[in-house]
Amino acid sequence: MYRITRKEKREKLKEINFFEEFIKVRNHFFKAFNKRLKRVKDGRHQSYIDYTPDILLFSLLMKNVTSIESMNQMTTKFNTDECINNVSRVLGCKDLEDLPHHDTINNFLKKLNTKEIEKIRSYMIKELFKKRCLDRYRLSDKYWKIAVDATGIVTFKDRHCEHCLKREYKNKETGEIEKTVYFHYVLEAKLVVGNMVFSIDTEFIENEKNYEKQDCEIKAFKRLAKRLKKNYKRLPICILGDSLYAVDPIFTLCKDYHWKYIFTFKEGRTKALWKEFKELKALESNGDDKGYSWVNDIEYNENKVNVLEANLIEKEKEKKFTFITNISITKGKAEKILTAGRSRWKIENQGFNNQKNIKNNIEHLCSKDYNAMKNHYLLAQVADILRQLFECGYELIRNLKASIKEISSRLLESFSRDPLTPEDIIKITKPIQIRNL
């Protein structure tokens, strides 16, 4: 089998107009994307507006898509005639002389209701469901896997705002508080489809005024789950989570919403249930010759749960996994349940790790205003959906196995140096085919 050389790869990558191809892929999946940007309700005083919401949002999305870290860098790197031309042609804006300064964008985000960005993301996710291009990634050809997990986005030495969470570090011997850290946390729900993870909902973990108890991940999940059920009423969902979620209130919530779940199961989280599982396993465990064993229908309060245990050898190392689920476990389902449970890690690897360390650096403070900070985060999630579809949907890039950083640099170079022509805009509007997403 012929393997392309590094020189041949460089030459092939040079031939691609990355920005043009990116817009083609975007238009393929989301034909009304520009209209959605224009529909955003602007919270600013209309007398002082120089740039419409679509220009402001598209500029910021391109910052995230090209992996520019700071707002100041965005203003500098996008200050080219080619960038202005490309935004003007893609959005159909005549007489655009400059792209907005980062202060202008931040002032816009301060006044912007976060629901406006959530509407754009919801439109995108529902369009993907309509196209049925991701159906093959469903569990048992039915359930959409949604992984949930929380992560920190910014940390401060002093209280940033009234919504800050705080963590106190005490001296083990004296019990005195030595250090207090203030931070903002966010709970993400991400649709797991192959090697892609798309943000489907977000809940900010934040304190209210005069709070007695801090907000936490489980409270945030209950709020997120309620909204997820409202927005996707009939969607067959399987929630993937770590051992934090393996508790009775979450089992009951999933039962009430008619959702399936697969959670990591550990001894210390639900001790009574763990003990009962071990006792029943010794008496009536089912299993196979592949290293799987399980117990079905363990009664726990008003719920019945099933536990799967797997002892596997991978890369000459022994690995043990235990999951709790409301999916009945059989020989035919055991491996599928294990694979689905393990795919939860993708929210941390393809999700948080990429966004923090490789693509967007979501921990970078783009604005000190809390509302703007939340909008920055949500727009990073929208941009990440677009990026992943481009990385996996554009066959030539996929075949060349270009790295994330390589794609970012090529996109930025193309956006800031290769002006689109009227002929290019005609090509962009024509239908394309995307295979094997």
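**Strands, salt bridges and charged patches**

Visitor: Which residue is the bridge partner of Val186 in strand 4?

Guide: Phe204 in strand 4 is the bridge partner of Val186. Before going on: this is a predicted model, in which local features need pLDDT of at least 70 and side-chain atom pairs count only at pLDDT 80 or more, while totals for chains, interfaces and linings use all residues. Residues are numbered from 1 along each chain as its sequence is written, and side-chain values use heavy atoms, with hydrogens and water left out.

Visitor: What counts as a strand or a helix here?

Guide: Both are DSSP runs numbered from the N terminus: helices are H or I with at least four residues, and strands are E with at least two.

Visitor: OK. How many bridges join strand 3 to strand 4?

Guide: Nine bridges join strand 3 (residues 177–193) to strand 4, and the two run antiparallel. Two strands pair if DSSP finds at least two bridges between them. The hairpin of strand 3 and strand 4 has two residues between the strands, and Gly194 takes a positive phi near 65° in this hairpin.

Visitor: Is strand 4 buried or exposed?

Guide: Buried: this applies to 10 of the 10 residues of strand 4 (residues 196–205), so the strand is largely enclosed by the rest of the structure. Buried means under 20% relative accessible area, exposed means over 50%, and partly exposed is in between (1.4 Å probe, protein chains only).

Visitor: Moving on. In which sense do strand 9 and strand 10 pair?

Guide: Strand 9 (residues 303–314) and strand 10 pair in the antiparallel sense, over nine bridges. Asn311 stands opposite Lys320 in strand 10.

Visitor: What does strand 6 pair with?

Guide: Strand 6 (residues 260–264) pairs with strand 10 (residues 317–325), in the antiparallel sense and over three bridges. Within strand 10, Phe323 is the bridge partner of Thr264.

Visitor: Back to strand 9 and strand 10: which residue in their hairpin takes a positive phi?

Guide: Lys315 does, with a value near 50°, in a hairpin that has two residues between the strands. Lys315 is not a glycine. Its place is in the loop between strand 9 and strand 10. Lys315 counts as exposed because its relative accessibility is 81%.

Visitor: Where is Asp141, which also isn't a glycine but has a positive phi?

Guide: Asp141 is in the loop between helix 8 and strand 1. The phi of Asp141 is about 60°. With a relative accessible area of 63%, Asp141 is exposed.

Visitor: New topic. How many salt bridges does the count come to?

Guide: The count comes to 26 salt bridges. A salt bridge here is a side-chain nitrogen of Lys or Arg within 4 Å of a carboxyl oxygen of Asp or Glu. One of them joins Asp149 and Arg344, at 3.8 Å from N to O.

Visitor: Where do Asp149 and Arg344 lie?

Guide: Asp149 lies in strand 1 (residues 144–156) and Arg344 in the loop between helix 12 (331–342) and helix 13 (348–358), so the pair ties together parts that are 195 residues apart in sequence. Both Asp149 and Arg344 are buried.

Visitor: And which residue forms a salt bridge with Lys278?

Guide: Glu309 does, with the closest N and O atoms 3.1 Å apart. This pair links distant parts of the chain, with Glu309 in strand 9 and Lys278 in helix 11 (residues 271–284), 31 residues apart. Glu309 counts as buried, at 0% relative accessibility. Lys278, at 30%, counts as partly exposed.

Visitor: Which residues do salt bridges that share partners join into one network?

Guide: Arg121, Asp201, Glu203, Asp215, Arg223 and Arg227 are joined that way.

Visitor: Last topic, the surface. Which residues form the positive patch?

Guide: The positive surface patch is formed by Lys115, Lys126, Lys226, Lys230, Lys233 and Arg234. Patches use residues with over 30% relative accessible area and no salt bridge, joining like charges within 9 Å and nonpolar side chains (Val, Leu, Ile, Met, Phe, Trp, Tyr) within 5 Å. Helix 8 (114–131) and helix 9 (217–231) each supply at least two residues of the positive patch. Lys230 is found in helix 9 and counts as exposed, at 61% relative accessibility.

Visitor: What forms the negative one?

Guide: Asp81, Asp95, Glu97 and Asp98 form the negative surface patch. Asp81 is in helix 6 (residues 81–91) and counts as exposed, at 62% relative accessibility.

Terms used
Areas by Shrake-Rupley, 256 points an atom, 1.4 Å probe, with all protein chains shown as cover. Lys, Arg positive; Asp, Glu negative; His and termini not counted. Charge placed at Lys NZ, Arg CZ, Asp CG, Glu CD.
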